[in-house]
Each structure stands twice: as C-alpha cells, then as structure tokens.
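Please load the model in a viewer and follow the selections below in order.

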Amino acid sequence: MHGGEVVEVDTPNVLEVRNLQVNLNTGTGLVSLLEPVHFQLGKGRVFGLVGESGSGKSITCKAILQLLDQRRMEVSGSVRLNGRELGSLSSEEMRCIRGKEIGCIMQNPMNAFTPVFTIGAQFIETLRTHTGLSKRQARERATAALADMNLPEPGKLMRMYPFQLSGGMLQRVMIAISMCLQPALVIADEPTTALDVVNQLKVLRELDRLRMEYGTSILLVSHDLGVISQMADEVAVMYKGNIVEQAEVYELFNNPQHKYTRELLQARPRSSKALSPL
Amino acid sequence: MLQVREVSHSYGNRNWLDRSGSRPVLENISLTMDKGSCYGLLGTSGAGKSTLGKIILGIEKPSKGEVWFEGKNLYHSSRKLLKEWRRDLQVVFQDCYSAVNPLMTAAQIIGEPLRNFERYSPKELQRRIGILLEQVGLRPEDERKYPHQFSGGQLQRVNIARAIALKPKLIVLDESVSSLDMVHQTQILSLLADLRTHYGLSYLFITHDIRAATAICDHIAVMDQGSLVYQGGDRESLIQCAHPAVKQLVSSILPEHPSERIVLN
C-alpha cells in the first residue's frame, strides 16, 4: 500500500548524506558544529544516531531538514532523498517535502502542537496541506489512524487539546500523522526521552509498525542505548560533531572500536554493585 | 527517620461540602525510611510518585494521614520546627533549568540557602560555595556562570550543590537524572552515591527507570494509580513480583544488547 509516490527502483538508498557539514557564524569567526558526516539509509531500515548531548545529533537532523537558521549557520554537503538532491530545492519545495516525504517526530511533543487548536484540527490541517483530501475524508483518515495507534476513543481524542493528553499519547498522535502521509523517511529525534518506560515501549512499538507496514526508513536519534539496541539496524556514534564509529548494531555492541563507544557502552547503570559507594 | 502513615490525597474539587468531583491521587500509603537509606519510588507517569514526594517534603498537605519526621508530625508543628525542616528536607527536580532563577549566577544559586539559614561573613560564604562546587565536580570559575551557560548535566550538579549546602537529612530526587544522557546520568548517580556516604544522607529517589533505581537504591517501592503495590529490597524479588503494574514496568526495560530485543509486533 503506497501513496501517490513513485519509488525509484534503481536507488536502493532512501537517504544519502555526503559531506554534510555545519559551521556557526559567530560574527568574529566560524565555529564548526558538524564535521563532514556521511551515511546512507536503505528502505525500511532504522539508522541509529547516538552520542551525548551536544555531540551534534540534532544539528544533523536539522541540517537534513534544512531547518537551521541560514543567516547564522553555513551548511554544505549533499543530502539526497530517493536520489533527489535536497540542497538545490527552493524553500517552497522543501516545505512540501517536510511532512510529506520526511516525517518528523520531535523530543517534546507538547511543543510540537499548537496549544490553541484541537488535535483533530491540527491533524486534518496537516493531511489537507499535503494531500487533496476533503475535510470529511481527512477526518475519517485521521480517526482511523488514531485508532490504529491503539489510542483509546479516537473520536473523543480529535476534539481534545494537546494539554489534555499525556506525553506518550501526543507522541503517538505525531506518529499517526506521519503514518497517514506515508513518508519515505521519518526523522525521530529523541522520540521517547520525555516518556516513562511503559509509554516508551508503546511508542517504539508503533514506530516499528511504521517501518514494517509502510517500509518507512527511520533516522532514530537517541542518547539511550537501550532504544538503539532495541530498534536500530545500523548505528553511528557521534562525538563532538563527528561520527567516530559506524557499524551494524550487533557489530557495534559486540565489538566497539572507538574508545568513546566503549565508554558509552560502559556508562549504562547495571547492577547495584557497579555504583555502590564503597 | 521518616514515616508516612496512611496518607491519602486528592486533587480537584476544593469545595468542603461536596468532594464528589475530586480525583484521588494517593490512597492509603504507608512507608518507613531509615536514616542513611536510599529509597527508590518507581512507577509510570501519573502514578502519584511526585505527589507523594511533595507531601514528604512538606509542601503539599495530604487530605488524610500523617507524615512523621524524626518523631514529630510534619503537618502539625510549630513555625520554628517547620523552618528546621526546610533545612533538613531538600529536593532536586527533573527540569534543572526551571528549578533555578535564570538571572542568578551559580554562586548566587548555591549561596541562597546559606544566606537564608546561616550567618556567614561574605568571605566565609565564598569559601563554602567554592567547597560545594568542588564537591559536585564543577570548576571554581563556573561560579560566575548563568544557568543558560551550563549544560543540563552541569546545571543539575548546581542543583545538587544547592540541595546539599545546608547538610540536609533527606533529599527527594524527583526524576533528577531522567532527562540526562547516559554518560551524565552515570556520573550524577555516582556523585549522589559518594555524597550519601560523605554526609550520611538519605534519598527518596523517584524515577520510572528501574535500572537507575536498582543501581543506587537499597529499598524499592512501586506505585500504581495512587497505591503502593510493591515494597522490597532487591532487584530479584522485584523482577519476580506478580503484580501486573510491576510486571509491565519490568517487561518494558529495553535490552542492553540487540540480541535481547523485545518482540514488538
């Protein structure tokens, strides 16, 4: 089941990032935020991006989405989505791609919705911006998508405001919106960091379904190695604006090459002995 | 040291004639904490963990029940005693940025409780602040920084320094490490463990992260929909507990290695 999108057969990679580099113009000089990074993401694959805060994970996502402030940041390099170079597109064309072809799930779901409109209004607006659906069709699609996300009482949910929902529920509403538009790529930037473990698993479950049922590729950003080991096929470890190591998930966990990766793997709290004071 | 006796609490309808609209958030909670212990309070969001934390801190009067701290009833005591307790009970919240005044430097933030409770000379105050900064692993020059100049992990250290400034007896850690990344989380957890032995502190560690809780706590309780459904000592008996809420928490722990993946769909 695919939307109107024609998937080119000869491009196995949904996303190809080459030499992506970001510099911050401070007025007195350039500060490098992202050293040239390269990675590819195949169809239906999950690419995990790990690293501590400030290592450049979110900058990478924003650079791909062209959401960085162009007056202060200098972005160079190539980002190709299904073989199409995104760098050469106008901001108008890019706006059509964000949402429709690249879905986005952010860390704080409370800030991703407008507090003054209902979930339903925002859902329908997003659908109608990117598709030719009528209001009624969009409403039906939205309600069905919410039910599909295992959210209780979707009809009632449509009339609710974001603050009436929990973080986990909002995050699943975000995934439902993405699911409806069937993007080729979803960028999930710390999608479960604000959630408790039970809700985290629910969100991961729906993300996994997005990939299984629609073949969506997922760029999964997280500092939580549990999330990465659960979801990712391939992992890149970021440190100070660099990808210091990149490998298949098993390879990375079994055989970490870089010193920082090993540190990261050891940083997980394990038993009561590891951290007891004496 | 601390005893919570049959505490119930509800939010919502404040009308004393008609309480029908109020929503119970805590039901009949009793727990005992010993001096020097680290008590982990687990549960999903909305289980009532933070409300219980606030009641123990003395900032939210429970609808029913009592809180006893060192042999005295917290909610029936003189002003003088209450002021004492303000020293002895401290808290570190999850969102470190909103827990500090953005217009104050680190030195002012850490110095505030000292200025309120102690009568130090400016020089002595400065010296104390220096010691505290060092104890939480910050550099002396950090004292002139404002909150926005710190990373989350560093600012959480400032918050911890403020909490230990008056040498309290109990610190409530309300999801204090949850929003930090793994590396910083581990650092803060071992800092907390060190401070505990150094000052003989007790912690009430509120979290939804079983791993973090089992890493530093010697006693664990699980809350679900306002009730305590499990109390126990070690990790093994927690994992074996048959209560559905505990089971759900335990089964939601993500794997440490991709070979142990949970079957999602």
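Buried denotes under 20% relative accessible area, exposed over 50%, and partly exposed the range in between (1.4 Å probe, protein chains only). The model is predicted, so local features need pLDDT of at least 70 and side-chain atom pairs pLDDT 80 or more, while totals for chains, interfaces and linings use all residues. Residues are numbered from 1 along each chain, chains are lettered from A and ligands numbered from 1 in the order written, and side-chain values use heavy atoms, without hydrogens and water.

Select B:N73 to begin. B:N73 counts as buried because its relative accessibility is 10%. B:N73 belongs to strand 5 (residues 72-73) of chain B; strands (E, at least two residues) and helices (H or I, at least four) are DSSP runs numbered from the N terminus. In contact with B:N73 (heavy atoms within 4.5 Å) are B:E66, B:V67, B:W68 and B:W85, leaving aside residues up to four places away in sequence.

Next, display the sheet of chain B. Six strands form an open, mixed sheet in the order 6-7-8-3-9-10. Strand 6 (89-92) and strand 10 (227-232) of chain B each have a single partner strand, so one side of each lacks a neighbour in the sheet.

Now select strand 3 (residues 38-42) and strand 8 (residues 202-207) of chain B, which pair in the parallel sense over five bridges; pairing requires at least two DSSP bridges. Here B:C38 stands opposite B:Y203 of strand 8.
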